[in-house]
Amino acid sequence: MGILSWIVLGLLAGIIAKWIMPGRDGGGFILTTILGIIGAVVGGWLGAMVGIGGPVGSFSLGSLVTAVIGALVILAVFRAVSK
C-alpha cells in the first residue's frame, strides 16, 4: 500500500475509532487523524506479521478492520498516557 493509501485508510480508521470510543481528547480532528494513521500503520504491520487482516498491498475491508483495531489500541494507549 502506498503512503497516500495509508493516510486515507488512517483517516477512516481514526474517525471510526473515535466513533467507537468517544471521549474528550485534546487535539480534536487533527490528533484523531494522526492517531488513526499511526494505528493503521501499526495495525497493518502487526496484522501482516501474524497473518491476520487484509493483504497489505490492497485496500480492503480486512485492512480497514485491522487499521481500526490498531487505531483503537493507539487511542487507548494515548488516553492512558495522557491522564
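Modeller: Let us begin with α2, whose 23 residues reach 32 Å from the first C-alpha to the last, close to the 33 Å expected at 1.5 Å a residue; please keep in mind that this is a predicted model.

Colleague: How do you know that the span of helix α3 agrees with its number of residues?

Modeller: Helix α3 covers residues 61-82, and at 1.5 Å a residue its 22 residues should span 32 Å; because its end C-alpha atoms are 31 Å apart, the two values agree.

Colleague: Why is Val42 called partly exposed?

Modeller: Val42, which is found in helix α2, has a relative accessibility of 33%; buried would need under 20% and exposed over 50%, so a value in between counts as partly exposed.

Colleague: What makes up the nonpolar patch on the surface?

Modeller: Val42 belongs to it, along with residues including Ile15, Phe29, Trp45 and Met49, and together the patch has about 1000 Å² of accessible area. Helix α2 gives the most to this patch, with nine residues, although α2 also has buried residues, among them Leu31, Gly36, Ala40 and Gly47.

Colleague: Which residues form the largest nonpolar core?

Modeller: That core has nine residues, namely Trp6, Leu9, Ala13, Ala17, Ala40, Leu64, Ala67, Val68 and Ala71. The elements that give two or more residues to this core are α1 and α3. Leaving aside neighbours within four places in sequence, Ala13 is in contact with Gly36, Leu64, Ala67, Val68 and Ala71.

Notes. Residues are numbered from 1 along each chain as its sequence is written. This is a predicted model: local features need pLDDT of at least 70, side-chain atom pairs count only at pLDDT 80 or more; totals for chains, interfaces and linings use all residues. Side-chain values use heavy atoms; hydrogens and water are left out. Helices (H or I, at least four residues) and strands (E, at least two) are DSSP runs, numbered from the N terminus. The expected span of a helix is 1.5 Å times one less than its number of residues. Patches are made of residues with over 30% relative accessible area and no salt bridge: like charges are joined within 9 Å, nonpolar side chains (Val, Leu, Ile, Met, Phe, Trp, Tyr) within 5 Å. Accessible areas come from the Shrake-Rupley method with a 1.4 Å probe; for residues, only the protein chains shown count as cover. A salt bridge is a side-chain nitrogen of Lys or Arg within 4 Å of a carboxyl oxygen of Asp or Glu. Buried means under 20% relative accessible area, exposed over 50%, partly exposed in between (1.4 Å probe, protein chains only). A nonpolar core is a set of buried Ala, Val, Leu, Ile, Met, Phe, Trp, Tyr and Cys residues joined through side-chain atoms within 4.5 Å. Contact means heavy atoms within 4.5 Å.
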